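Hello,

Here is the structure I promised you. Please open it and keep it in view while you read my notes below.

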Amino acid sequence: MPGYRSALALFVLLWIFCIGSEAGKSFGIFKKLTGTVPGRPVVVVGTKGGQQHATKNVEEPERVVEMVERNITSSRRELSYLSCGTGNPMDDCWRCDPDWENNRMRLADCAIGFGRNAIGGKNGRFYVVTDPNDYDAVNPRPGTLRHAVIQTEPLWIIFERDMVIQLKEELIMNSYKTIDGRGANVHIANGPCITVQYVSHIIIHGIHIHDCKPAGNAMVRDSPTHYGWRTISDGDGVSIFGASNIWVDHCSLSSCTDGLIDAIIGSTAITISNNYMTHHDKVMLLGHNDDYTQDVKMQVTVAFNHFGEGLVQRMPRCRHGYFHVVNNDYTQWEMYAIGGSANPTINSQGNRFLAPVDRSSKEVTKREYTSESVWKQWNWRSEGDLMLNGAFFVPSGAGASSSYAKASSLSARPSSLVASLTGNAGVLTCKKGSAC
């Protein structure tokens, strides 16, 4: 018995040590909120000039498949003890913490899907936006959002108070930035909006983005050492162009001139999650055009979003690449929900589709500008989706497992849980001292 007790005691001590080590890693206790003067970034450590193409070092789709299969279960298991029980794996990773304000950067550990490696400004300091104005797109003032996003160093950008930011020109972001609206009511609206072009590691969280308009034929700065001429923009809410490792989460988007979120020109490693989208025509374009074959490596996860009232089409519209559409709630569309051309692979799992009253618009899917003899070869599947009010999904393709593996990025939950998984989609109300 003494030997048994000694062995048991040793086991318990080792167990406590291991749990403590994992907790320390997950909570990021080594990261401290450094003293940052509001509106003043820390000294710029980078010297790089103009922006570089951001997708050249992204993994091949086959390697991504291997990494997803190896890491998705273990990474969620490490954080499972933090769960608030919502069932949404991203939210359960951070939302239950009442001290979220002092643990903001934990959010960067919570992405899943193809954009799971996006770290934003995790390894940088905090920049507090104090001024909602956009005085000069070439020489932005310290304390403004534009001044924050162009810096070369990693920054976690937060807001001093509620504000409506009406930009004069596109907000062109530099790499390794997080725009974190938690704790304030922040709107980017009534002007041009966010451009993520040839950069990587961007997180956009908790921002109202609406009524975005074209702008351009003007000089705009994109780094401390470079500015250039911009032609007329499209008027997207978030334009992702030749970029990688991008995560757009818990934003509320509506009523933009072109798309709410568009990703084109070889962009990849993207997760679009927990957003609430309303009152818009062409919601989400993933892929530049049918002739731009470089988009064949594009991988995008669209998860836990609520596609709400007043939407017409493109939720999303896909080209060439691999797209995992999982556990979203579709409560309205006028034309169709998921569409595409140029042989994209679409893996639709665990979604809830509520068809409109119009009998001619019950179909979830639409193949654009392609004869049936051609699109029958495309790999589009519906697995575990809930079809309501006559909704139906037209599948196609031989169902090659290798193709769908490249379009799989997380484990789908049952479609019966979609209401709870997406019930908090859009911008959250986060108050200091309590869970969001």
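The charged end of Arg141 sits over the ring of Tyr135, and the distance to the ring centre is 3.6 Å. Arg381 does the like with Tyr404: its charged end sits over that ring, 4.2 Å from the centre. Keep in mind that this is a predicted model.

Now the rings. Searching the whole structure turns up five aromatic pairs. One of them is Tyr330 with Phe353. This pair is stacked, with 4.6 Å centre to centre and 25° between the planes. Tyr330 belongs to strand β25 (residues 329-330) and Phe353 to strand β28 (residues 352-354).

Buried means under 20% relative accessible area. Trp333 has 1%, so Trp333 counts as buried. Phe353 has 0%, so Phe353 does too. Ring pairs join Tyr330, Trp333 and Phe353 with Phe307 into a cluster.

Next, the nonpolar cores. The largest has 66 residues. Which of its members touch the most others? They are Leu145, Phe159, Val196, Met277 and Leu286. Take a look at Met277. Leaving aside neighbours within four places in sequence, Met277 is in contact with Leu253, Leu260 and Ile261, among others. Its contacts also include Phe307, a member of the ring cluster. Another core lies apart from the largest one. That core has 25 residues, including Cys93, Ala118, Leu421 and Cys436. In soluble globular proteins, nonpolar side chains tend to be buried together.

Last, the whole protein. There are seven helices and 31 strands. Of the 436 residues, 57% count as buried. Take the contacts between residues at least 6 apart in sequence: 67% of them join residues at least 24 apart. The accessible surface comes to about 18200 Å², and 53% of that belongs to carbon and sulfur atoms.

Best wishes

Terms used
Residues are numbered from 1 along each chain as its sequence is written. This is a predicted model: local features need pLDDT of at least 70, side-chain atom pairs count only at pLDDT 80 or more; totals for chains, interfaces and linings use all residues. Side-chain values use heavy atoms; hydrogens and water are left out. Rings of Phe, Tyr and Trp (its six-membered ring) pair if their centres lie within 6.5 Å; planes under 30 degrees apart count as stacked, over 60 as edge-to-face and the rest as tilted. Helices (H or I, at least four residues) and strands (E, at least two) are DSSP runs, numbered from the N terminus. Buried means under 20% relative accessible area, exposed over 50%, partly exposed in between (1.4 Å probe, protein chains only). A charge sits over a ring if NZ of Lys or CZ of Arg is within 6 Å of the ring centre and within 35 degrees of the ring normal. A nonpolar core is a set of buried Ala, Val, Leu, Ile, Met, Phe, Trp, Tyr and Cys residues joined through side-chain atoms within 4.5 Å. Contact means heavy atoms within 4.5 Å. Accessible areas come from the Shrake-Rupley method with a 1.4 Å probe; for residues, only the protein chains shown count as cover.
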